[in-house]
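Morning, everyone. Let me put the next structure on the screen, and we'll walk through it.

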Amino acid sequence: MERLLVVWCPGILEEQEHGREARVFGAVVAALEAFATHVDPVRPGVCAVPTRGPSRYFGGDEVLARMAADAVARETAADAVGVGVADGLFAAVLAARAALGRGPVIVPAGETPSFLVPWPLSTLDRPELADLLVRLGIRTLGAFAALPGPQVLARFGAEGALCQRVARGVEGELPGFRLFFPRLSPGPATTVVTRQAGFWGDSADVDARATRAVAGVQELLGPEAVVRGRLQGGRGPAQRARLVPWTGPRTDGAGGGPGTGRGGRGPGGQDRTGRAGGGTTSGGPWPGQVPPPAPAVVLSRPLPALLVDGAGGAVGVTGDGIATAVPARVSVAGGAWAEVTGWAGPWPSDERWWSVRGRRRQARMQVVTATTAHLLTRERGGWWLEATYD
């Protein structure tokens with residue numbers, strides 16, 4: 001997680017008459033650029049400086065923070081300004097807010113989770129989530145962070161799970177807080193580094209051009225308009241994929257799932273008797289998660305399907321998660337019947353079991369035909385086509 005110095009100027013957070021806040025904010029950014037090679041305007045009244053290079057050059061975070069406070073104070077003499085340093089944008093902003101009326105607040109490297117513990121839930125800027133958690137007796141980021149992650153995801157969804165990761169200090173930034181995106185294209189106050197094409201390899205130049213192009217699109221359409229996929233925990237394939245705002249080149253090293261063999265096994269790495277093969281999961285334990293590889297196509301709206309045994313009887317799933325018969329034929333959306341040549345599962349799941357109305361019980365099964373493979377879901381007394389494999 002990137003370590004940042006944040007300058008918080010509450011007096012220019014809101015739009016004022018005659019554009020005063022824009023002029024003052026521009027002067028603040030210019031003052032920081034006098035000793036920092038990169039200043040990131042986050043939103044009006046808030047800007048961030050990566051500390052790695054400047055702190056090493058000037059002798060530490062404390063020295064850098066004092067320099068920033070002095071430089072900004074000269075431009076905003078009549079306004080209170082806070083300067084904070086921490087790991088991640090969220091914690092650095094809170095440190096800067098805590099610094100108002102006092103000297104810079106420096107959160108030691110690696111201690112961001114402890115720093116976040118006493119802060120109220122309102123700092124997440126999610127009123128509905130905070131209201132519900134307070135009614136459950138949870139009032140601070142520390143109490144929220146201590147909840148089991150899988151239960152938070154099941155109860156509050158992907159947004160709640162992300163907020164918990166931020167509260168834990170694992171994720172550094174809340175989506176939607178950043179209104180400005182750093183300008184990566186050449187322009188005023190931008191240092192342009194030139195090099196001989198191909199000297200260091202062509203991939204770096206391609207990545208840089210792609211990054212500038214995407215940043216330009218975000219400047220035109222807004223920071224939330226450009227997204228990328230992220231793999232997360234979940235049971236079904238639709239739950240495991242999440243779109244998040246693009247915030248720069250990927251550095252998480254995420255890659256594809258493990259390879260799988262095809263020697264007589266179904267798409268989930270299982271043999272035709274339904275015995276499970278190997279597989280990995282993302283995040284914590286997810287009982288009922290479908291093993292890799294992932295399907296090629298996930299339907300936005302599942303299609304009704306029929307699954308029968310050799311005698312034409314419907315195949316069901318018992319309360320213990322066992323198929324009532326061996327699948328023999330499958331039909332999707334009233335189409336032609338196809339012979340089932342292999343199958344795996346079922347994988348039962350029981351989500352939101354504590355809720356009378358929100359409880360959802362499912363069982364997923366993979367079936368292979370002569371031409372394709374399907375991921376079927378048993379729910380509400382019927383089968384549904386959720387995804388297909390290539």
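How far is the sulfur of C9 from the closest cysteine sulfur, and in which residue is that sulfur? The partner is C47, at 6.2 Å, which is too far for a bond. A disulfide here means a pair of cysteine sulfur atoms within 2.5 Å. The search of the whole structure finds zero of them.

Ground rules. Residues are numbered from 1 along each chain as its sequence is written, and side-chain values use heavy atoms, without hydrogens or water.

Back to cysteines. C9 is buried, at 3% relative accessible area. C163 is buried too, at 1%. Buried means under 20%, with a 1.4 Å probe and protein chains only.

Now the cores. A nonpolar core is a set of buried Ala, Val, Leu, Ile, Met, Phe, Trp, Tyr and Cys residues joined through side-chain atoms within 4.5 Å. The largest has 37 residues. V6, F90 and F115 are among those with the most contacts inside it. Helix α4 gives the largest share, eight residues. Beyond four places in sequence, V6 touches C47, L89 and V93, among others; contact means heavy atoms within 4.5 Å. A second, separate core has 22 residues, including V29 and C47.

Finally, confidence. Average pLDDT is 75, and 69% of the residues score at least 70. Residues 183-205 fall below 50. Residues 251-282 stay under 50 as well. Where pLDDT is low, the predicted coordinates should not be read in detail.

Methods. This is a predicted model: local features need pLDDT of at least 70, side-chain atom pairs count only at pLDDT 80 or more; totals for chains, interfaces and linings use all residues. Buried means under 20% relative accessible area, exposed over 50%, partly exposed in between (1.4 Å probe, protein chains only). Helices (H or I, at least four residues) and strands (E, at least two) are DSSP runs, numbered from the N terminus. pLDDT is the predictor's confidence in each residue, from 0 to 100.
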